[in-house]
Structure formats: structure tokens, C-alpha cells
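Look at the sequence and the model together.

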Amino acid sequence: MPTERFYRLPKEKSEAIRLAAIREFKRVSPDEASINRIIQDAEISRGSFYTYFADKQDLLKWLLWEGTKNFQRFYVTELLKTGGDIWDVFDRVLEDTIRWSTEKGFVEIMGNIMKSNFSSEYFRREIDEDPKKGGRKQGYIDWLYRHTDKSLCPISAEDFTELMNMQILSLVLALKMVYQDHEVVDKVCESYRKRMRILRYGVCPGEEKSELEESKGRQEEEKL
């Protein structure tokens, strides 16, 4: 992530770097992106670049983190609007992510990331391995849990974390289908919403209930 020196830059200079990075990562995959082209476009020196970022991957992570903040704002804002209906938020977040990434020019970037070795799994793993970032992530999930209507999602905080992880993985899969496989957006959204329904209602809820009743029956027989 950027150094403190980057955050002290004048707004127009940091914006020039951001736009130059977007243009380069839209043009080619992260593996092929050139720091030279970025610094020439942004009109900064190579030495200056390395006082702001460790490398081009660090710059890309910052761009994606900016996108992630928008993603998180959507969850927070919409969860409050719906009175805690996390399922409604899940249903609409894919379309919002596609719309936002299109408006901000991230469509090509996402496509290039999905095709490269520098995949989205890398970012998820790095956050999990960094205690500071991982703490912020868990704090965000805890906030969502506290503001979720438990009558619509009656699970523990631990299970809610797992639910969020499964939802994010479903979202990443859907984005891959759009940006890498070039599937029709409407079909991808329909498939994604089907996965959300499975997460909410289960695959075999009746069977699970039957197994619980059988287990309870066996326990009562053992008592006798």
C-alpha cells in the first residue's frame, strides 16, 4: 500500500498517478504492466515512484483497495436502507459492482487481473495474512453482523463470517464469468442470485430437518 509520503502529495499529483496506473492496467495484464510507462504518463521520476510504492503490484493493490472501499460503502449504506436485510444487499451487490467498475474504467483492469497470475485470490490471501488488515476486515464484518436483522439471518457471528466469505467467493466467480469468460451479464446475475438463494435456504432443508429429528429421537431412546 502507499507510503505516508504518497498521502502527503497534492491532490492533482496523486490523481495523475492514479489515472496513469488505470490506463496502464487497462492496457495490459499486471504481469506485463510497465512502471516506465506509468511514470512517464504521470510525469514523475522512477525514484519518486519508489518512495510512494514498493512496486507495480503495490500500486495495483492500492487501486483495488480504493475500489474495495466503494464496495464496502455499498454494503453499509444499503444494509441501513433495508433495515438489516443482508439478503437484499447480497442480491444487488453484483450489479452495483459491475456498474461501478464500468463507470470508473475498471472493466478492462478486472478482466486483465482475472487472466493473469496476479489474481483476486492473491489479494484475499494477503489480507488474511496481514493481522492489521485482517483486523479491519473482521471489524467490518462484525459491524455488518450487528446491523443485520437476525429474524432474516438467524445465525451466530462466527457463521456470519463464513457466510460473508462464501458470498464474496460467489461474487468473485460471477465477476470472472463477466470479465474473463465474457458471459452475458443478465445470465451471470441470474446464476449469482440462484447461489444466494441456496445460501439462504439451503439445498436440502427438509432433509436436514429430518436428520435432526432422527438424532433427537435416538437421544430420547438412549435416555429410556
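Helices here are DSSP runs of H or I, at least four residues long, numbered from the N terminus. The model is predicted.

Start with helix H2, which covers residues 11-27. Arg27 and Glu24 both lie in this helix. They are 3 residues apart, about one turn of the helix. The two form a salt bridge, and their closest N and O atoms are 3.1 Å apart. Arg27 is partly exposed, with a relative accessible area of 46%. Glu24 has a relative accessible area of 5% and is buried, because buried means under 20%.

Side chains of opposite charge can pair when their charged atoms come close. Arg92 and Glu78 meet in a salt bridge through their side chains, at 3.1 Å from N to O. Arg92 lies in helix H6 (residues 86-103) and Glu78 in helix H5 (residues 56-81), so the bridge ties together parts that are 14 residues apart in sequence. Arg92 is partly exposed at 28% relative accessibility. Glu78 is buried, at 12%.

Stay on helix H6 for another pair. Glu95 forms a salt bridge with Arg193, and the closest N and O atoms are 3.5 Å apart. Glu95 sits in helix H6, while Arg193 sits in helix H11 (residues 185-201), so this pair links parts that are 98 residues apart in sequence. Glu95 is partly exposed, at 39% relative accessibility. Arg193 is also partly exposed, with a relative accessible area of 27%.

Now turn to the glutamine. Gln167 lies in helix H10, which spans residues 157-179. Is Gln167 buried or exposed? Gln167 is buried, with a relative accessible area of 0%. Which residues does Gln167 touch, leaving out those up to four places away in sequence? The contacts are Tyr75, Phe90, Val93, Tyr192, Met196 and Leu199. Helix H5 runs over residues 56-81 and helix H6 over residues 86-103. Helix H11 covers residues 185-201.

How values were computed:
Residues numbered from 1 in each chain as written. Predicted model: local features only at pLDDT ≥ 70, side-chain atom pairs only at ≥ 80, totals over all residues. Heavy atoms only, no water. Helix = DSSP H or I, 4+ residues; strand = E, 2+ residues; numbered from the N terminus. Buried < 20%, exposed > 50% of the residue type's maximum accessible area, 1.4 Å probe, protein only. Contact = heavy atoms within 4.5 Å. Salt bridge = Lys/Arg side-chain N within 4 Å of Asp/Glu carboxyl O.
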